[in-house]
Amino acid sequence: MSENTQNITSKQVDAYAGRLTVIIVTYNAAATLQKSLDSVYMQNYPDIELIVIDGNSSDGTKDILMANNDKITYWRSEPDNGIYDAMTKALKQAKGDWIYFLGADDDLLPDFSNMAMELNEPDTIYYGSVLTRGLKPLGEVSDYYLAKHGIIQQSIIYPKIVFEKYSYNFKYRSSADFALNMQCFGDKSLKFVHLNYVIANFSHDGVSGQSRDMVFEKDKPKLILKNFGFKFWFRFMVRKMRGKS
C-alpha cells in the first residue's frame, strides 16, 4: 500500500476531479465478479458511476448483475465480438470525466480513491501501480519501457478526451489497450503522469495474460516508429535482433 494512503477529507471532496466511470466487462465471471463489484462500492471517491457489459454469460454472472442492479449505474448482457467490443459499448454509456477499466477478476484497493482525488489535468493520462503475482509494484516507467512493454491497463485512469479522440482497434484481440496507449503517447497534446499509489489487485488470468496477440506483435515495430520515433524504434529492433526484445 502506498505511503500516501489517507482518508479523504471534506476539503478534498469539495475539490474532487469530477465523475469517474469504472467499467467492468464480463463473460462467465460468476466466481469473481461480486468481489470486484464490492471493491468499487467500498471506495471513498464521491462520484463513481459503474458500468458493466456482459457478453451473454451462462454461469450465473447475469444473476449477480441483477442482484446488484440498484448499485450498478448501467449494465447490459448480450453477445459481443470480444473484450474491446464490450469496452467500446461501455464507453458509449459513460458520463464520466475520467475512465477506468477494472477486470471482473480484479479488485480495487483503497488507494484508488486517493489517486482519483489527484486527477486535475484533462489532457493527462494518470497511472499508478497494481499488485500482481506477488511482485513489487512497478512504479514510474521510462518512455522506452512504455513502448516495449506497455502499462497494465488497471494501473491507468484516462481523461475522457482520450476516447473522444481515439478508439480500440478490434484487430488486436488482447493488446488493443497497449496499441491505444502507444497512440496516446504519440499525441503531443496528451501526456502520461505517474502517481505513487497502488490502486488494484490485478489477476494475470485475463485475456491479455493468457494469450499473446500475434497480430499486435507483428505491428509493434511500426507502432513504435510512428508513436515513439526512430531512436526508440532503432533501439527496439537492435534488441529484438539480439533476442532481448
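This is a predicted model: local features need pLDDT of at least 70, side-chain atom pairs count only at pLDDT 80 or more; totals for chains, interfaces and linings use all residues.
I began with helix α2: its buried residues pack against β1 (20-26), β2 (48-54), α3 (61-67) and β5 (107-108). Contact here means heavy atoms within 4.5 Å. Residues are numbered from 1 along each chain as its sequence is written, and side-chain values use heavy atoms, leaving out hydrogens and water.

Next I looked up which residues of α2 (residues 33-41) are buried, and found L33, S36, L37, S39 and V40. Viewed down the axis of α2, the buried residues fall within an arc of 155 degrees, so they line one face of the helix. The arc is that of the directions from the helix axis to the C-beta atoms. Buried means under 20% relative accessible area, exposed over 50%, and partly exposed in between (1.4 Å probe, protein chains only). Helices (H or I, at least four residues) and strands (E, at least two) are DSSP runs, numbered from the N terminus.

Then I turned to the sheet. I found an open one of eight strands with mixed pairing, in the order β3-β2-β1-β4-β7-β6-β8-β5. Its edge strands are β3 (74-77) and β5, each pairing on one side only; two strands pair if DSSP finds at least two bridges between them. Strands β6 (residues 124-131) and β8 (residues 191-201) run parallel, joined by seven bridges.

Last, I checked S175, in the loop between α7 (161-165) and α8 (176-186). S175 is buried, at 12% relative accessible area. Beyond neighbours within four places in sequence, S175 touches Y84, D213 and F216.
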